[in-house]
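Hello,

I am handing over the structure below. Notes on what was found in it follow.

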Amino acid sequence: MDTLSPESTALVVGAGGGIGHAFVRRLLAESRVGRVWAATRSPRNPDLVALGEAYGDRLAPVAVDILDEQSIADLARHIGDIDSRLHLLINAFGFLHDREADIWPEKRLEDITPEAMLRNYRVNTLAPALIARYFLPLLNHRERAVFASLSARVGSIGDNRLGGWYSYRASKAAQNMFTRGLAIECGRRAKRVICLALHPGTTDTGLSEPFQGRVPEGKLFSPDFAAGKLLECIDSAGPADSGGFFAWDGAPIPW
């Protein structure tokens with residue numbers, strides 16, 4: 001991460017998840033970033049505690065409920081009181097299924113329910129939008145800054161060849177449209193902010209676990225591998241890439 005310095009600050013939202021935790025660990029271990037804010041519902045989880053013991057004040061675990069607008073606003077205010085600038089913000093969370101609520105990707109039209117569609121939309125679309133709303137002032141300064149959200153290839157309309165998964169696909173497509181619109185607005189009012197939609201590939205996390213049996217050999221990535229490749233994409237992105245949708249290997253994905 002050559003673009004980050006000891007004066008830089010990063011925020012990973014969703015730091016309790018597999019990819020989110022990998023982002024936090026890599027930013028601490030492999031970059032010169034001064035402080036990594038790790039936002040999650042449970043900031044005292046053992047993985048973050050262990051990183052805190054290793055990296056001290058460079059790690060700042062904080063609580064957030066991404067489904068609560070006031071919680072997001074309060075987090076932005078708290079971070080802004082300590083660090084007036086952010087150089088990197090990664091939304092490393094997503095929703096696909098909930099066993100307890102009996103929410104699963106739809107195989108056919110009759111499987112659609114309002115509850116599943118709204119849950120996907122709230123997490124995958126609305127949460128990144130609210131995070132952008134409250135954190136853009138911290139990203140908007142004279143130095144390069146990146147706002148990156150984990151998207152998914154299945155959110156591509158042009159690449160949709162199998163159908164199904166209506167709620168997840170639609171929520172990710174909406175997230176992509178938001179990222180594109182945000183990049184256009186940043187081009188007018190926050191010209192140093194680069195906005196990216198990133199596909200991590202199928203990664204070995206709880207989100208993909210029920211569906212891993214279909215993944216071809218060698219195509220199921222570890223969270224550490226996915227985070228490392230996406231940080232390379234983030235590090236190499238320039239202003240011309242803002243508003244783009246990219247896979248883990250840097251290849252553009254059709255809308």
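First, a term: two strands pair if DSSP finds at least two bridges between them. Helices (H or I, at least four residues) and strands (E, at least two) are DSSP runs, numbered from the N terminus.

The model is predicted, so local features need pLDDT of at least 70 and side-chain atom pairs count only at pLDDT 80 or more, while totals for chains, interfaces and linings use all residues. Residues are numbered from 1 along each chain as its sequence is written, and side-chain values use heavy atoms, with hydrogens and water left out.

Seven strands make an open sheet in the order 3-2-1-4-5-6-7, with parallel pairing. Strand 3 (59-63) and strand 7 are at the edges with a single partner strand each, so one side of each has no neighbour in the sheet. On average, neighbouring strands are turned by 20° against each other, direction ignored. Strand 6 (residues 193-199) and strand 7 run parallel and are joined by four bridges. Opposite leucine 198 stands phenylalanine 246 in strand 7.

Helices on the sheet

Contact here means heavy atoms within 4.5 Å. Axes are lines fitted to C-alpha atoms, for helices over the stretch in contact, and angles between N-to-C directions run from 0 to 180 degrees. Helix 3 (residues 69-82) packs on the sheet and touches strand 1 (9-13), strand 2 (35-40) and strand 3; its direction makes about 165° with that of strand 2. Helix 5 (residues 166-189) lies across strand 5 (145-150), strand 6 and strand 7, and runs at about 165° to strand 6.

Aromatic pairs

Rings of Phe, Tyr and Trp (its six-membered ring) pair if their centres lie within 6.5 Å; planes under 30 degrees apart are stacked, over 60 edge-to-face, and the rest tilted. By this rule there are five aromatic pairs. In one of them, the ring centres of phenylalanine 225 and tryptophan 248 are 5.7 Å apart and the planes are at 55°, so the pair is tilted. This pair links distant parts of the chain, 23 residues apart: phenylalanine 225 is in helix 6 (residues 223-236) and tryptophan 248 in the segment after strand 7 (244-247).

For accessibility (1.4 Å probe, protein chains only), buried means under 20% relative accessible area, exposed over 50%, and partly exposed in between. Phenylalanine 225 is partly exposed at 34%, and tryptophan 248 is partly exposed at 22%.

Phenylalanine 245 and tryptophan 255 form a stacked pair, 5.7 Å centre to centre with 25° between the planes. Phenylalanine 245 lies in strand 7 and tryptophan 255 in the segment after strand 7, so the pair ties together parts ten residues apart in sequence. Phenylalanine 245 is buried at 3%, whereas tryptophan 255 is partly exposed at 39%.

Regards
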